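This briefing goes through selected local features of one protein model.

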Amino acid sequence: MISINSNERWAVIYFFVLMLVFSFGTSITRSLAMTLLVQHMGGEVLPYIFIMIDGIAMFAFFAYANYSKKIAELRLLSILFMVAILYLSSLLICIHVFEFVWLYAAIFVGFFICFIMITTHMGTFFAAYFTTVQLKRVTYVINLGLPIGGMLGGASLVLLLQYISEPESLMALTVLAYIIALFILNLINTRLSSVRTGCNKFILKQGVIKQLSSAFNYIISARLMKYMSLGMVLFVVSSKLMEYQYQVIIYPETFPQPTDRARFFAIYEFWGNFVWIFLQLLMTSKLLSQMSIGARSLIHPVLMMLGSIGLFFRFGFAAGVTSHFINQEMRGAIRSPTNNLLFNAVPPNMWGTSKAFLNGIAFPLATIIASILLLTLSDFLSKDELRFYLPLITLVISVFSILTALPQWAAYNEGVFGLLKHRFFANKKQICREKVLLAMVNKKLESVIVDEIIIALDMIALLKADEFVNSLGELLQSSQHNDDTRVTIHCIKTLAALPQSKDITLYLQNALLNAKHADIIAQLLLVLVEYQQPSQSFIIAVEKLLQHCSPNVFVAASLYLFKQSDYQSKKMLEQAVIARIKQSELPQFELYLQALGELKQSQYRSLLLPFLDDSREKVRLAAFKANIQLLQGDFDSYQPVFIKALESSNKEMKLAALFALKQCSQISDWNSIIKLLDSSDSVMVEQGKEILCLHLNKSKEKMFSHLFSGQVPVKQSFEILSIIYPHLKQKQKTCLSEQADHFLEQFVYLQILLVVFQKYEPESTTKLLIEKIIRERAAYFLHHVLIVITYNCNQQVEFFNRVCFGLQSECKSDQGNALEVLSHGTEKYISGRVLYYFQHQETDLENQLKSYQILFKQELLLSSENYPKALLSIQHNLLQACLLIDKNQLVDNKEGYQNSQIQLLLHTQ
């Protein structure tokens, strides 16, 4: 039997009783409605009745799609029950007043529409009060209410039919049962809370048609929904064909009298549900709890196939009852709850419209297909031929259903992970299609607002949209007359980002000849150096710029000419640069050092060395970078200088040092490079990883030991494992898992300590801050656990980020999806322990201590007396300072000293 956690007990009881009462009422009217319909109108009307039911249901689901987004799940279910109560009550009165035969068809059609709507919405209602992983455990316990209610309904019907001459009056019991269901819903509303609290439920204010259109677009783009739609069509067709065989052919032949048939249905309801309970308690609950949701979706198609085989080889009463049990009871026991669980891989804002699409379009379409097929076969085939062809067709369709369930399995796993992506990353609306986007960019280029023009230029560079070349050329020419150079410089960079062409070259060269502003001239020269061989007249024009008063123009012109392969006066350029190097007081002096480095002439290194320790940061940086360029491969002897440069606060100096270290044959200090893996700058991290990978044989053991050195930052730990994990031995991986288990223990310990602190600590000015620190420390340990799980499952950073987000979300629904993703992973031991903790996560201290003892096989002694000591043991400077303040340890004679200690702690933190 599946275990129910103490924090789920009352919720499971309420939902179990709700299902029991619903099933009790439904079983009575379901048996009577079918009997009365066949008795008064004949079995041949069933195909037409099926079409009528699903045709009306289609319009009902249009309304459902509209209101499911506007009305809370519980309130909408209450409305559906009230509609069913009013409808059945009205028809019961009409039957006793009027003698219209069509009223029996109205009862059958209306009741089954209400039944379909309620059962469809039940899955959404369950998901509002249980997370994904909870639903996997408790759904089959809750659904035990269905067979028990069916048994009670069937037994009551058998008993009452002996004393009541008008069977239709017994449908009043259904009305009474649905009234009790409303009362239970009221209890759920007052005593339980939704797991979606804290989720930003995205609500679209659209009409019904637009909502169904969005659902259709989602279905055709989502792999899971495609297979769910196809699976539903195949199931409905096979189900209707199977139902026709036992309801229209087998049962009327076996029980010619309507009263006998009604009594059989009542007996069947009792024993069918009894067998359902027996199977679920002894087999399916335990079996299904160990299976993934994708695997469960295979079970019912396989059962349908077996039922069809039985009808094909031995068409008769036994095969009919078996197929009836598979089509009705096992559908409720396996297929319906599994389909509801599949929606956990669908964004919640799409549940209503997607269910409306599936049940309002796919289901009726399949019913129409099945009904047309039945009408055609019954017109052209005799009963003996139908006994052969109907089971055969049902068998073939069931096989296709199995084939559809296989890719649906994979699509579900992808869908749950994708749903975490939907919540982890910011929702980005698709702006428009490409043509509209380009039109928008063109409009922004004509704007008078500088920022809008720059955004348009960035978009053109990103799209490599070379159709804008002429527009950019005109913009470059017109913008040169403005005092604000931002547009012009951005325009130059955008043209340089496009594929090189003759037109772009001409635009840039003409702009240089007409440019007046020094920054624009320098930017043009830097870009043009990458273009084809210039004309002699253009070279002469650039030479004139060597006389420009601006240092950046001089440097840019010098470098442009120096990089021209056939330029004859390169020696003169070197001398001009050296002459300016000797005048260190010149403005923008660092530019001349940069130029000297670009010349790559090692004999000039001695000119740079005095500036490596210059008081000006820009000069030091330029000298450092130029020195690296002039070393010409002699990097090893200067390695200590590069290692020291990694401690600089200047990003460019660090990157230059990393470039130099990359050229070294060996590294003397791995710690300095490993520390860079915690940088927020992705370029810095990648450069550091590249060096570590180049020397992996020597750096691997150092990185592994660093993981166990103490307080390793989360990002650093993740990046280290991204390098070394594929090269770890099995013993090292075991050590890593053991450390993860230790981190999990620390996480659970801090979670319990937080509960104790919140319960016993009096209110103070620092209480909220201390709580925040404890949560952050707990998150640190949880993140390290998830890092190991990520690599043990052969996953990437995206997996880690999404699961972290889900587990730490205030929304229980997000947390459930994260746990579902973890349950799909190949790593089972640590993931299983994380799953156990979060599934048994309690709010009261006693149960939390019990969970700790079960997980780690030891008793945790935390109480109101010893928790302050536990807080003091946490190595966190700011926490220690807060505790000093709270405990009033700033006595008069030590006030100055202790205040200084607190200031020191805060400063170091």
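In which helix is Val399 found? Val399 is found in helix α15, residues 383–424; helices (H or I, at least four residues) and strands (E, at least two) are DSSP runs, numbered from the N terminus. The model is predicted, so local features need pLDDT of at least 70 and side-chain atom pairs count only at pLDDT 80 or more, while totals for chains, interfaces and linings use all residues. Residues are numbered from 1 along each chain as its sequence is written, and side-chain values use heavy atoms, with hydrogens and water left out.

**Surface patch**

- Val399 is partly exposed because its relative accessibility is 34%; buried means under 20% relative accessible area, exposed over 50%, and partly exposed in between (1.4 Å probe, protein chains only).
- Val399 belongs to a nonpolar surface patch of about 770 Å², whose other members include Phe388, Tyr389, Leu392, Phe400 and Trp409.
- Patches are made of residues with over 30% relative accessible area and no salt bridge, with like charges joined within 9 Å and nonpolar side chains (Val, Leu, Ile, Met, Phe, Trp, Tyr) within 5 Å.
- Accessible areas come from the Shrake-Rupley method with a 1.4 Å probe, and for residues only the protein chains shown count as cover.

**Helix pair**

- Helix α31 (residues 682–694) packs with helix α33 (residues 714–724) at an angle of about 40°, and their axes are 10 Å apart.
- Axes are lines fitted to C-alpha atoms, for helices over the stretch in contact, and angles run from 0 to 180 degrees between N-to-C directions.
- The pair α31 and α33 is therefore oblique; angles under 35 degrees count as roughly parallel, over 145 as roughly antiparallel, 65 to 115 as roughly perpendicular and the rest as oblique.

**Salt bridges**

- A salt bridge is a side-chain nitrogen of Lys or Arg within 4 Å of a carboxyl oxygen of Asp or Glu, and by this rule the count is 11 salt bridges.
- Arg833 and Asp741 form one of them, at 2.7 Å from N to O.
- This pair links distant parts of the chain, with Arg833 in helix α38 (residues 829–839) and Asp741 in helix α34 (residues 730–760), 92 residues apart.
- Arg833 counts as buried at 13% relative accessibility, and Asp741 counts as buried at 17%.
- Glu771 pairs with Arg775, the closest N and O atoms being 4.0 Å apart.
- Glu771 and Arg775 are separated by about one helical turn because they are four residues apart in helix α35 (residues 767–792).
- Glu771 is buried at 9% relative accessible area, whereas Arg775 is partly exposed at 42%.
- Glu776 and Lys772 form a salt bridge with their closest N and O atoms 2.4 Å apart.
- Glu776 is partly exposed at 41% relative accessibility, and Lys772 is partly exposed at 46%.

**Backbone angles and loops**

- Most residues other than glycine have a negative phi.
- Gln588, which is not a glycine, has a positive phi of about 55°.
- Gln588 lies in the loop between α24 (570–581) and α25 (590–599) and is partly exposed at 38% relative accessibility.
- Pro551 and Gln588 are 37 residues apart in sequence and 6.6 Å apart in space, C-alpha to C-alpha.
- Pro551 is found in helix α23 (residues 551–562) and counts as buried at 9% relative accessibility.
- Asn794, also not a glycine, has a positive phi of about 60°.
- Asn794 is found in the loop between α35 and α36 (797–808) and is exposed, with a relative accessible area of 61%.
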